[in-house]
Amino acid sequence: MTSTGSDPDRKRTRYYPWWLDNLADDVTGEGAAIQGVLHGAETVRRVVLDAREVYENQEIHLTADYGDHGFIEEYTCQIRGEPTSVVATVTRNAAGKAQHLVVNHRPRSSVLLFARVMGKKYAGTPLAKYFITDES
């Protein structure tokens, strides 16, 4: 896969990451807005799908393989109206499944906003411990 270029139709509904349905059972996920490491396909998939619902006006700027086992996505979006840039890297295992995901938001204000939004969403659930909650 290569760069998406400057296609004006770059929207969340048009891009679905290939790796989301190709997660290793023991996949891990990390990010600037996540406290600790997510473990397991079900947990990583749930958090990614919920994050996609938080993103407004997502525009994909780059999707590309790198190295022998890497994949990168770069996109912009808004989180509750705040401009946000995101870089996601995926490391594939020998079977070609997504083994490790790292998602980094910027600027820092968007990192903190995302962590609070997700913390509110997951309040009272086991996923709350990974984000900023009222109890944090």
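**Exercise 1. Determine which residues of helix 1 and helix 2 meet, and describe the packing of the two helices.**

Solution. Step 1: on the side of helix 1, the residues involved are Arg46, Val47, Asp50, Ala51 and Val54, and they meet Phe114, Val117, Met118, Lys121 and Tyr122 of helix 2. The model is a predicted one.

Step 1: The contact of helix 1 with helix 2 comprises 7 nonpolar and 3 charged residues, with no polar ones.

Step 2: The axes of helix 1 and helix 2 are 11 Å apart, and the helices pack at an angle of about 115°. The crossing of helix 1 and helix 2 is right-handed.

**Exercise 2. Work out the order of the strands in the sheet and state which strands are at the edges.**

Solution. Step 1: list the elements. The protein has 2 helices and 6 strands, and along the sequence they follow the pattern β-β-α-β-β-β-β-α.

Step 1: place the strands. The 6 strands make an open sheet with mixed pairing, in the order 2-1-6-5-4-3. The edge strands are strand 2 (38-39) and strand 3 (55-66), each pairing on one side only.

Step 2: examine the pairing at strand 2. Strand 1 (residues 23-31) runs antiparallel to strand 2 and is joined to it by 2 bridges. Here glycine 29 stands opposite leucine 38 of strand 2.

Step 3: set the helices against the sheet. Helix 1 (residues 41-54) packs on the sheet and touches strand 1, strand 2, strand 3, strand 4 (70-79) and strand 6 (98-106); the direction of helix 1 makes about 50° with that of strand 1. Helix 2 (residues 108-122) lies across strand 3, strand 4, strand 5 (82-92) and strand 6, at about 120° to strand 6.

**Exercise 3. Describe the hairpins that strand 5 forms with strand 4 and with strand 6.**

Solution. Step 1: take strand 4 with strand 5. These strands pair in the antiparallel sense over 10 bridges, and glycine 70 stands opposite threonine 91 of strand 5. Their hairpin has 2 residues between the strands, and arginine 80 in this hairpin takes a positive phi near 50°.

Step 1: take strand 5 with strand 6. The pairing is antiparallel over 8 bridges; arginine 92 has alanine 98 in strand 6 as its bridge partner. There are 5 residues between strand 5 and strand 6 in this hairpin, and glycine 96 in the turn has a positive phi of about 85°.

**Exercise 4. State what share of the protein is buried and what share of its surface belongs to carbon and sulfur atoms.**

Solution. Step 1: of the 136 residues, 42% count as buried.

Step 1: the accessible surface comes to about 7,400 Å², and carbon and sulfur atoms hold 50% of this area.

Conventions. Residues numbered from 1 in each chain as written. Predicted model: local features only at pLDDT ≥ 70, side-chain atom pairs only at ≥ 80, totals over all residues. Heavy atoms only, no water. Pairing = 2+ DSSP bridges. Helix = DSSP H or I, 4+ residues; strand = E, 2+ residues; numbered from the N terminus. Contact = heavy atoms within 4.5 Å. Axes fitted to C-alpha atoms, helices over the stretch in contact; angles between N-to-C directions. Left-handed = near helix turned anticlockwise from the far one by under 90°. Nonpolar A, V, L, I, M, F, W, Y, C, P; charged D, E, K, R; others polar. Buried < 20%, exposed > 50% of the residue type's maximum accessible area, 1.4 Å probe, protein only. Areas by Shrake-Rupley, 256 points an atom, 1.4 Å probe, with all protein chains shown as cover.
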